[in-house]
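These are my notebook entries on how the parts of one chain meet each other and how that chain meets its partner. I first set out the parts, then the contacts.

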Amino acid sequence: MSKFHVSTNVNGDSVEYLCDPRETLLDCLRDKLNLTGAKEGCGTGDCGACSVSVDGRLVCSCLMLGVEAEGKQIETVEGIADGDVLHPLQQKFIEHAALQCGICTPGILVAAKSLLEKNPNPTEEEARYWLAGNLCRCTGYDKIIRAVMETAEELREAS
Amino acid sequence: MALDDRKSEFSFVGTRPNRPDGLDKVTGRAKFGADISAPGMLHGAILRSPHAHARIVKIDTSKAEAHKDVKAVVTRADFADVPFKPGLEGEFWNVLENVMAGEKALYDGHAVAAIAATSALAARDALKLIEVEYEVLPHVTDVDKAMASDAPVIREGAADYSVPAGMHPNVVRYHESGHGDVEAGFAEADLVIEDSFVTEATHQGYIEPHACLGMLGNDGKGELWCTTQGHWIAQKTCAALLGIETSQLRVTASEIGGGFGGKTTVFIEPVALALSRKANRPVKLVMTRSEVFRATGPTSSASMDIKIGMKKDGTISAAQGVFRLQGGAFPGAPGDMTAMCAFAPYNLTNVKQIGYDVMANRPKQAAYRAPGAPMGAFAVESVIDELCKKLDLDPVDVRLKNAAHEGTKASYGPRYERIGLVETLEAAKAHPHYSAPLKPGQGRGISCGFWFNHGGETSVSLSLSEDGSAQLMVGTPDIGGSRASMALMAAEVLGIPYENIRVTIADTATLGYNDVSHGSRVTYASGLATIKAANHAVEKLCERAAASWGIPTDAVKWENGCAVPSGPNAGDFDPRPLADITTHMGSTGGPISGHFEATPEGAGVSFGTHIVDAEVDPETGKTAITRYTVIQDAGKAIHPTYVEGQYQGGAAQGIGWALNEEYIYGEDGRLQNSIFLDYRIPVASDLPMIDTVIVEVPNPGHPFGVRGVGETGIVPPLAAIANAVSHAAGVRMRQLPMSPPRILAALKDNG
């Protein structure tokens, strides 16, 4: 099967790749652009470990085809920090031990950032429902939710 | 450091610094199993049986081999001829048979052949070119049916010496233990309750699927990168299955995306190496989620009968349990562990327990956090709760009355050293959760839980750098922040800042043998070895200082990161900080390192008590957990935040097991829910905050008092939640998971 040429933008960089029409955006990010921060936990859109933002919208990159990325603006976990300055969510996740094994962390950070962009003042329930598409098997979510809520509060105070 | 001068005042231990691998893990830099590639790499894919039980009549790989993108195809013939032995004696054979089927496919998802091709898509496509002829055989997946006389035989000769004569060949191991006279004890009781319980198999549910990259040459030398809880066992097992020398295979553990016991063995690693040997190129193999569910893990399913007698004052006069565990088509279901743990929290005069290890046509069970213990606790603690209810006794008071303590003869034999069960129960009683009012429709449950904890073979090496920083090499993969704990313990001994210590998970070529990260052993055993390796380095630092001062070594002691004279008689010298000694080490005797290798035996058993509130919706049968408190003895919490994390994670997994998770098999013996949509683990909106109380009753077997904390936290939840749900619903729940249909059925049966 012949491959398609795709031009897109990832974390502010213009990139190109050739992909099989069956390959997902996640496959392309990981195998063609070597951006392995997004993880494949299920391949069926159930675990959220592959979460990225596409034109500002939170998506499971395992459910989107690589060819569909043409002309889009994609943001992955690798693009969350501003150079060597961590995003407040990243900092709080470390301080709160909101990760144990860390495999779900990239997806949860992308999803949590998306939440705070849309709703800077979420209730605990809203945060829990927003992150319900991101599975974590280690933490029981307690420290994750605390890290997100505290980041939201600090960002509100700072703005 | 002798264990009798155990430390109790700490500078670093007990603080909560950021973990050393935090930055890598929040930026996406950390390299997990599937995050690596190699020049010339091929991609592997595995063909799996669609049948629960079938004879493999013929495998024709010729069409696949002829395909231009396919570089290698392997079947069982491409592995070593490992000898078959009964029970767990032949574990290498069992693992090989699981990794690649021999004469029969033994469960839905059993590997029968594998391909390496130039791309992942090509490998997946080429699987369709392999033709397998099966003769489908009768199958059995239920534990009680697998023990019945008419059950299909999975494998003749798999039972070991422990199984009494006359049992079905599917019963492969038998355990019986206890003490006293249970019949006399039941005769003394004011109330005896006898009941039966069932739990379904659940999966460890780590979010990272198994992944590896293997390279093996025809010279018998190889390299393997894999996500694993123990790379030395991976090395040893792969070498045995491929017929190469262990030392010729170097294994590097990737960052690991969860394991919970499920990554303590190998599945795809020997297959990648076999493909690589045939293709003479590196081969990467990554499982799909469906493969993870169908062919790895899960835990055992269980069927259990419990009989307990109690006096009116709450004293348990006798306790008896029969535990039948199904562990898939291989020996290994932890019926013995279930039996030994079930009554372990209690000081009993009369106790008897029997455990069965039973085979069925399911995937080979793997350890899952305190393997076997949660099921037994569910059954036993449910009966104790029912006795408390019928005798109108407080469930915490009854457990306190019967609680094991130092000197108690455990239900499984030995006498306990200092343990902390009573302290967890007293903390439960004093906790505001226990006396908080409940709303209508809610119920409260409590349960105790026990786990042995483990020591295991351990090897640690620490080397000091000229600038006074330290490199620590440990061999236990870090699943939940253990590098932080190791650095804290090393800092405590060396007296240098936590941040100046770099902890690395060494590969198999760099350090002596290390047992797997299991049995809650890492902070205990690798921690003990870290402390002793650091002490070893400190001895050398003191020798160098003594030599520079011209005084005997025993006239120097180590204090706050400095060598100092041990007393006024030793002489008057200024303290020499660590960096002051290391900066000259090249010219004063050479590099300074510390090592420790041993199999520490004092892991120290662990107990916990959980309190949970549940609310049942009588219309839908759905249960909400409204409040949860974990109280557990950590001995000494090295990094309390990560100890809390272990408690919370164990509770969350227990909530999933109790309420929702189960392997569902169709009549055809095929697994029906092999994706996360259908096998639903708890999500953020399912859970409340999980409160924790860290009790610290120091373990006499560790220099700082550490007890492992990883596993005990999953033992009480099944029972505590079942007790809460039973009170909320007004009907005793005897089968897990307590999914909405089961609760509705129980409510209906109850009128």
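Before using the word "domain", I noted that domain bounds come from an automatic or database domain assignment. I also noted that I was reading a predicted model.

Entry 1: domains. I looked up the division of chain B and found domain 1 (3-30 + 455-598), domain 2 (40-371) and domain 3 (423-447 + 606-749).

Entry 2: where domain 1 meets domain 3. I counted residues as in contact if their C-beta atoms, placed from the backbone, lie within 7 Å. On this basis, 20 residues of domain 1 of chain B are in contact with 23 residues of domain 3 of chain B. I then asked which elements give two or more residues to the domain 1 side. They are helix H15 (482-494) and helix H16 (522-549) of chain B. H16(B) provides the largest share of that side, with five residues. I recorded the make-up of the domain 1 side as eight nonpolar, eight polar and four charged residues.

Entry 3: where chain B meets chain A. I found 42 residues of chain B in contact with 45 residues of chain A. On the chain B side, helix H1 (22-27) and helix H18 (640-659) each supply at least two residues. Which helix gives the largest share of this side? I found that it is H18(B), with seven residues. The chain B side divides into 21 nonpolar, 15 polar and six charged residues.

Conventions. Residues are numbered from 1 along each chain as its sequence is written. Chains are lettered from A and ligands numbered from 1 in the order in which they are written. This is a predicted model: local features need pLDDT of at least 70, side-chain atom pairs count only at pLDDT 80 or more; totals for chains, interfaces and linings use all residues. Two residues are in contact if their C-beta atoms, placed from the backbone, lie within 7 Å. Helices (H or I, at least four residues) and strands (E, at least two) are DSSP runs, numbered from the N terminus. Ala, Val, Leu, Ile, Met, Phe, Trp, Tyr, Cys and Pro count as nonpolar, Asp, Glu, Lys and Arg as charged, and the others, Gly among them, as polar.
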